[in-house]
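Let's take a friendly walk through a protein model together. Have a look at the sequence and the 3D view before reading on.

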Amino acid sequence: MRNPLPTVAFATALFTAALAPALAQDTTPGTAPGAVPAKPATLSDDLRPKFVAQTPSDMVSSKLVGTSVTNGANETIGQIADLVLDEKQQVKAWIVGVGGFLGIGAKYVAIDPSAIKVARGDNDSLKANIDTTKDQLRAAPEYIYLGKEKPKDAQSTEPARKP
């Protein structure tokens, strides 16, 4: 049978050699150039994120996207597809899909948030209502996401002007 003592001694020596530089470091504050002593974070300081508790009146975007938009005659005229936030993180526009079938061929229009009234319906479901018709939404300018140009066959066929 082999004696395991040389193997254990070698492993101990290797571990000690690897640990020695870490133990030799000076741990007194202020020795590293530009080092700032750390203070523990508390719930009242700005070192921690602020957390928000959910309230019954809150609406989350995952429940809003896909909500049918109806008009005063209770006709479904579109569906909320997205929302746009401005630099202040306020809702700048509701993106509503109009036309198409099951999302295919739908035209997207950006609607001012004051034009759509979102409220809770039965069983806490969300309802979106707008005072317009499907034809008016179809006639609205199309919202095109930045970086997503229309296909060339859908763009103007007007020839380019020479300088």
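Predicted model: local features only at pLDDT ≥ 70, side-chain atom pairs only at ≥ 80, totals over all residues.

Residues are numbered from 1 along each chain as its sequence is written, and side-chain values use heavy atoms, leaving out hydrogens and water.

**The overall fold**

The protein chain has three helices and six strands. Here helices (H or I, at least four residues) and strands (E, at least two) are DSSP runs, numbered from the N terminus. Along the sequence, their order is α-α-β-β-β-β-β-β-α. Of the chain's 163 residues, 15% count as buried. Buried means under 20% relative accessible area, exposed means over 50%, and partly exposed lies in between (1.4 Å probe, protein chains only). The chain exposes about 13500 Å², with carbon and sulfur atoms supplying 58% of that area; accessible areas come from the Shrake-Rupley method with a 1.4 Å probe, and for residues only the protein chains shown count as cover.

**The nonpolar core**

In soluble globular proteins, nonpolar side chains tend to be buried together. A nonpolar core is a set of buried Ala, Val, Leu, Ile, Met, Phe, Trp, Tyr and Cys residues joined through side-chain atoms within 4.5 Å. The largest one in this model has 14 residues, and Val69, Val96, Ile111 and Ile116 touch the most other members. Strands β2 (76-85), β3 (91-98), β4 (107-111) and β6 each supply at least two residues of this core. Not counting residues up to four places away in sequence, Ile116 touches Trp94, Val96, Ile111, Ala128, Asn129 and Ile130, where contact means heavy atoms within 4.5 Å.

**Two loop residues**

Asn71 sits in the loop between β1 (68-70) and β2, and Thr132 in the loop between β6 (126-130) and α3. Are these residues buried or exposed? Asn71 counts as buried, at 6% relative accessibility, and Thr132 counts as buried too, at 14%. Leaving aside neighbours within four places in sequence, Asn71 is in contact with residues including Ile77, Asn129 and Thr132.

**Two side-chain pairs**

Side chains of opposite charge can pair when their charged atoms come close. The structure holds one salt bridge, meaning a side-chain nitrogen of Lys or Arg within 4 Å of a carboxyl oxygen of Asp or Glu. Asp135 and Arg138 form it, with their closest N and O atoms 3.6 Å apart. Both lie in helix α3 (residues 134-139), three residues apart, about one turn of the helix.

The whole structure also has one aromatic pair. Rings of Phe, Tyr and Trp (its six-membered ring) pair if their centres lie within 6.5 Å; planes under 30 degrees apart count as stacked, over 60 as edge-to-face and the rest as tilted. How are the rings of Tyr143 and Tyr145 arranged? Their centres are 5.2 Å apart and their planes at 85 degrees, so the pair is edge-to-face.

The table lists the accessibility of the residues in these pairs.

| Residue | Relative accessible area | Class |
|---|---|---|
| Asp135 | 56% | exposed |
| Arg138 | 43% | partly exposed |
| Tyr143 | 25% | partly exposed |
| Tyr145 | 32% | partly exposed |
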